[in-house]
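Take a look at the fold below.

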Amino acid sequence: QVQVVESGGGLVQPGGSLRLSCVASGRIFMLHDMGWYRQVPGKQREFLGSISRGGTADYSDAVKGRFTISRDNAKKMMYLQMNNLKPEDTGVYYCKARIVSDGMLPGEYWGQGTQVTVSS
């Protein structure tokens with residue numbers, strides 16, 4: 001079994017910062033690329049950014065310059081540093097990981113999400 005769990009969400013004022021974490025655990029043979037997504041009620045899940053196993057990150061235009069993705073392969077963790085947060089950043093943040101578990105092909109695993117609320 002593979003689990004992906006996000007943490008670190010909460011309430012923050014506009015202009016503030018927050019750091020989210022994502023950890024993968026279980027029967028993991030190889031942890032490939034990982035990504036962060038955000039969803040608000042009534043809208044589709046939105047891609048925010050991703051990071052390769054080698055550490056190359058890319059971002060959506062909505063968060064480029066404000067958010068930074070990093071990872072620690074030894075700990076099987078990924079982080080999302082969010083700075084200069086805006087009310088429109090409010091939503092449930094999800095982690096997705098591409099993992100080779102028991103099979104030969106990688107599968108996509110999602111966390112349960114963590115709520116981020118940006119409000120004064």
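A nonpolar core is a set of buried Ala, Val, Leu, Ile, Met, Phe, Trp, Tyr and Cys residues joined through side-chain atoms within 4.5 Å. Buried means under 20% relative accessible area, exposed means over 50%, and partly exposed lies in between (1.4 Å probe, protein chains only). The model is predicted: local features need pLDDT of at least 70, side-chain atom pairs count only at pLDDT 80 or more, and totals for chains, interfaces and linings use all residues. Residues are numbered from 1 along each chain as its sequence is written, and side-chain values use heavy atoms, with hydrogens and water left out.

Start with the core. The largest nonpolar core holds 26 residues. W36, L80 and M82 have the most contacts inside it. Two or more residues come from each of β1 (2-7), β3, β4, β5 (46-51), β7, β8, β9 and β11 (114-118). These strands are DSSP runs of E, at least two residues long, numbered from the N terminus; helices would be runs of H or I, at least four long. In soluble globular proteins, nonpolar side chains tend to be buried together.

M82 shows its surroundings well. Contact means heavy atoms within 4.5 Å. Leaving aside residues up to four places away in sequence, M82 touches G16, S17, L18, L20, R66, F67, Y93 and V116.

Next, the covalent link. What does a search of the whole structure find? One disulfide, that is, a pair of cysteine sulfur atoms within 2.5 Å. The partners are C22 and C95, with sulfur atoms 2.0 Å apart. The pair links distant parts of the chain: C22 sits in strand β3 (residues 18-26) and C95 in strand β9 (residues 91-100), 73 residues apart. The angle about the S-S bond is -65°, and the link of C22 and C95 is left-handed. Both C22 and C95 are buried.

Now the charges. Side chains of opposite charge can pair when their charged atoms come close. A salt bridge here is a side-chain nitrogen of Lys or Arg within 4 Å of a carboxyl oxygen of Asp or Glu. The structure holds seven of these salt bridges.

Take D89. It is buried, at 1% relative accessibility. R38 meets D89 in a salt bridge, 2.9 Å from N to O. R38 lies in strand β4 (residues 30-39) and D89 in the loop between β8 (77-82) and β9, so this pair ties together parts 51 residues apart in sequence. R38 is buried as well, at 6% relative accessible area. R66 also forms a salt bridge with D89, with the closest N and O atoms 2.7 Å apart. R66 lies in the loop between β6 (57-59) and β7 (67-72), so its pairing with D89 ties together parts 23 residues apart in sequence. R66 counts as buried at 11% relative accessibility.

Another salt bridge joins E108 and K96, at 3.3 Å from N to O. E108 lies in strand β10 (residues 107-110) and K96 in strand β9, so the tied parts are 12 residues apart in sequence. Buried or partly exposed: which is E108? E108 is partly exposed, with a relative accessible area of 49%, while K96 is buried at 16%. Salt bridges that share partners join R38, E46, R66 and D89 into one network.

Finish at S101, in the loop between β9 and β10. S101 counts as buried at 15% relative accessibility. A polar atom of its side chain lies 2.6 Å from the backbone oxygen of R27. Beyond residues up to four places away in sequence, S101 touches V2, R27, F29 and Y109.

Key:
Polar contact = N/O pair within 3.5 Å; in protein donor to acceptor, adjacent residues only side chain to side chain.
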